[in-house]
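Please read this report with the sequence and the 3D view open.

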Amino acid sequence: MLPVSVSTLEPNADSKPLITAQTLLTRLSTSLRLALSHCRPWTDFFDRTAFAKPASFSDATSRLRKNFSYFRANYLTILTAVLAFSLITHPFSLIILLSLIAAWLFLYALRPSELPLVIWGRTYSDIEKLAILVVLTVVVIFFTSVGSLLISGIMMGIAIVCAHGACRISEDLFLDEQEPFGLGLFSFVSAAASSAAANAAAPVIVSRV
């Protein structure tokens, strides 16, 4: 009879948030690079000879639909740049927003389930943490300058996109088959969630001696 020993590896709980954060940042960086690779040439985007006043409202909407299908990656880049500029020019709101995102990541999304949150001797469950974060998010968005700043930045970006899409002549644009842009940009969310769930489970190794 060969002796059989069963050993269980208990991963370091303190390293799990760091590993998960690194995985999330890696997937985010990869997704952003993939998204930017879908951008059309900026020389075509800013071609002065391709701009003209639309003949009618229907002509403007037709141009906007075709330009959005062709330049959607460029439009999202501009929208992101406008929003980032709005936040950078308001450092206090940027700090509040980053603090809120950090609270969601390190207190809920990236925190291992077996590592409870203890404040002043009281242990908070996942439901309690979620409720507190939701209330905190509502307060930050609706009762500080963060919400109005985000809305104004998004509206300004949408206005720029609509103005370009309506005035850019679309007859010289030829659509081709390409991967849906939204999937490449936001797929890191589900992938990161599955990775976090996999990292949360402690592997059991059975070795035979």
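N74 touches C39, R40, W42 and F45, leaving out residues up to four places away in sequence; a contact means heavy atoms within 4.5 Å. N74 is part of helix 3, which spans residues 57–88. With a relative accessible area of 0%, N74 is buried. Buried stands for under 20% relative accessible area, exposed for over 50%, and partly exposed for what lies in between, using a 1.4 Å probe and protein chains only. Helices (H or I, at least four residues) and strands (E, at least two) are DSSP runs, numbered from the N terminus.

This is a predicted model, in which local features need pLDDT of at least 70 and side-chain atom pairs count only at pLDDT 80 or more, while totals for chains, interfaces and linings use all residues. Residues are numbered from 1 along each chain as its sequence is written, and side-chain values use heavy atoms, with hydrogens and water left out.

**The chain as a whole**

The protein chain has seven helices and four strands. Read from the N terminus, its elements follow the order β-α-α-α-α-β-β-α-α-α-β. Of its 209 residues, 27% count as buried. Its accessible surface is about 13600 Å², and 72% of this belongs to carbon and sulfur atoms. Accessible areas come from the Shrake-Rupley method with a 1.4 Å probe, and for residues only the protein chains shown count as cover. Among contacts in the protein chain with a separation of 6 or more, 85% are between residues 24 or more positions apart.

**Salt bridges**

Side chains of opposite charge can pair when their charged atoms come close. A salt bridge is a side-chain nitrogen of Lys or Arg within 4 Å of a carboxyl oxygen of Asp or Glu. How many salt bridges does a search of the whole structure find? The search gives two, and they are set out below.

| Salt bridge | N to O distance |
|---|---|
| R63 and D59 | 3.6 Å |
| D126 and K129 | 3.3 Å |

R63 and D59 both belong to helix 3 and are four residues apart, about one turn of the helix. R63 is buried at 7% relative accessible area, whereas D59 is partly exposed at 22%. In helix 5, D126 and K129 are three residues apart, so about one helical turn separates them. D126 is partly exposed, with 41% relative accessibility, and K129 is buried, with 5%.

**A loop residue and a helix residue**

I169 sits in the loop between helix 6 (145–167) and helix 7 (181–200). Its relative accessible area of 24% makes I169 partly exposed. Which residues does I169 contact, leaving aside its neighbours within four places in sequence? They are A50, F51, A52, R63 and N67. One of these, R63, is also the salt-bridge partner of D59. The C-alpha atoms of I169 and D59 are 9.8 Å apart, although 110 residues separate the two along the chain.

S93 belongs to helix 4, residues 91–109. S93 is buried, having a relative accessible area of 4%. Residues up to four places away in sequence aside, S93 touches S145, V146 and L149.

**Surface patch and cysteines**

V134, V135, V138, V139, F142 and F143 make a nonpolar surface patch of about 600 Å². Patches are made of residues with over 30% relative accessible area and no salt bridge; like charges are joined within 9 Å, and nonpolar side chains (Val, Leu, Ile, Met, Phe, Trp, Tyr) within 5 Å. F143 lies in helix 5, which covers residues 126–143. Is F143 buried or exposed? F143 is exposed, because its relative accessible area is 67%.

No disulfide turns up in a search of the whole structure; a disulfide is a pair of cysteine sulfur atoms within 2.5 Å. C162 is partly exposed at 34% relative accessibility, and C167 is partly exposed at 29%.

**Annotated regions**

An unreviewed UniProt entry carries the annotation "transmembrane region" for residues 70–88, 94–110, 130–161 and 181–206. UniProt positions are given in the numbering used here, feature names are shortened, and annotations may be inferred rather than shown by experiment. In the model, residues 70–88 are 100% helix and 0% strand, with end C-alpha atoms 29 Å apart. Residues 130–161 are 97% helix and 0% strand, and their end C-alpha atoms lie 36 Å apart.
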